[in-house]
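Subject: Structure handover

Hello,

Here is the structure I promised you. Please open it alongside this email.

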Amino acid sequence: MAESFKGLHRTKRCAEFTKDDVGKIVTITGWVQKIRNKGSLCFIDLRDRTGIIQIVLDDTTCTSELIQKAQKCKQEYVLAVVGEVNLRKGEINEKIPTGTIEVIPSELRILCESEVLPFQLDQNAIVREELRLEYRFLDLRRQDLQKNLMIRSKASILTRKFLADEGFLEIETPTLCKSTPEGARDYLVPSRVKPGTFYALPQSPQLYKQLLMVSGMDRYFQLARCYRDEDLRADRQPEFTQIDMEMSFVDIDDVIDVNERLIKFLFKEICNEEVKLPIQRMKWIDAMENYGVDKPDTRFDMKLIDVTKECSGIEFNVFKNVLNMNNEDNKGYNKGCIKGLNVKNASTMPRKKIDSIIEYAKEYGLKGLCYMAIEEDGNIKSSFTKFLKDEEIELLKKKMNAQNGDLLLFAADKKKIVWQALGALRLFLAHDLNLIDENKFNFLWVTEFPLLEWNEEENRYVAMHHPFTNVMDEDLDIFFSNDPGLSRAKAYDIVLNGTEIGGGSIRIHDPKIQERMFDVIGIPKDVASRQFGYLLKAFKYGVPPHGGIAYGLDRVVMLMLHAKSIRDVIAFPKNKDATCLMVNTPDIVEEKQLEELCIKIVENKKD
């Protein structure tokens, strides 16, 4: 039977004791990490979130009854120990903060026993993730996960401190919101008092924070819970936390300035990393042309190199067919192009490996890849040089900055397909060839995104970010022209090591521009009024220029800690199927609950 904790008061946490406590009578509490029973001598490692401290019982300092009681303890029993802190008599453990001291107990209470664990809590133990998530309350006892959550807590506290010092107000916005289009799928919440109507859980506090600027709050932030019903991956969860902020009377440079200083502050305090300011900026089109993605990993080189011009006269059907696309009615990213990657010192790559790389590229829409391996002696092994003249080969080598020992890979297709495939292949090769310094933190601002993108399925423009993103001043005439798709947005993303950690924009505050935006993306006035009427009403009463940004807090902490999954920095995450294995959600509910909400479950019959 468990013993009472009454009358005891914990002196400090386990790893907070030092040599300065030697000679003191203390009370410590925690879980049994390890017990070593040597008959008349017993060692217990007691653990809490700070670390461990060693308890030593022997027949010269403790009663036989106390030793026998200690010997009954097992792994994960919860104990309270009263005793004296001594210097260690045995071997010193320099790996832990308390490695020079031990506690000689005069009293030991077993506060709670534990069943045999379903898996070992050693952070090096190999355990199926499904089992870890089912017993997440045990998994969280592991030292590495506890450290992760403590770092996350520190990041939240420091963010609040920094933004408060910058004049931001922390304001909560509603969790039960209105469903809006132009984003991921909403999580819907039925209303009991208004049958047949629904709230939506917020994908972000976007419209509320704009309304706060209309309200004159000037600078707002919150650590906002957000929800998106979308397919999951290693850095995505259905519910997550945003560092969300909005500022009045600002333009792009103002928002970037305060956020660069926030980043510098957080990474110095948490990672002891000096972030050099200003952070590099890169236009969206340059990111796509040079890296194939709008969130490039700049920790290594290997840029995409455009050789379309150099290939224009080559009598090679693969290239000729792609270049002929430019004679058709293809615009922008549907135009044909030829780009290459120079994989340095990789000419000896086996043909089987090259074939696997080609198959990988095909997964991203390419029909294939051409390769040219320039051996150390200058000889060339290639899949297509038999179609080329010597001067054409030399021209390609020069443009690709090729040296003996390099492997050149070429992709030819519509520009957007070439970007997609070579952007993914660049990252694949970097990881495969160990080209990335995993200890680096490379930040990058990506700016001047397209305001709009064409949705071929719906045959209309959609907002690349959201329909409240402002157009660049220089592109206003283009936006109001017959070809608004060429206009650029006052939008910006912050990228860390090839992962987007935050994004934002300067918002539309001119009702005429907002009206034009709805018109361009095909939202009729009556639909806009129904979905966004409250915002449009507010915009009639004086709107300051404003803009903001939101970071994925979970994602930022994941990268700070070099964690492999976002689930490692969230206390109770969902698995890849958006299921919580610990509490078994989502789950069915009682019929009575559905009746109260006027909901009936109907079988989904597929054709």
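Below are notes on one helix, its two partners and a pocket.

This is a predicted model: local features need pLDDT of at least 70, side-chain atom pairs need 80 or more, and totals for chains, interfaces and linings use all residues. Residues are numbered from 1 along each chain, and side-chain values use heavy atoms, without hydrogens or water.

Start with helix α4 (residues 143–165) and helix α6 (residues 252–271). Helices here are DSSP runs (H or I, at least four residues), and strands are too (E, at least two), numbered from the N terminus. The two axes come within 10 Å and cross at roughly 140°. Axes are lines fitted to C-alpha atoms over the stretch in contact, with angles from 0 to 180 degrees between N-to-C directions. So α4 is oblique to α6 (under 35 degrees is roughly parallel, over 145 roughly antiparallel, 65 to 115 roughly perpendicular, the rest oblique). Contact (heavy atoms within 4.5 Å) involves residues including Ile151 and Phe162 of α4 and Leu262 and Phe265 of α6.

Next, α4 packs with helix α15 (residues 553–560) at about 125°, with the axes 10 Å apart. That makes this pair oblique. Among the contact residues are Ile151 and Ala155 of α4 and Val557 of α15.

Finally, look at the second largest pocket. A pocket is an open set of points on a 1 Å grid where a 1.4 Å probe fits, with protein on both sides within 12 Å along at least five of seven lines; lining residues have an atom within 4 Å of a point. Its lining has 33 residues, with Gln33, Asp45, Ile52, Ile96 and Gln143 nearest the centre. α4 supplies at least two lining residues.

Best wishes
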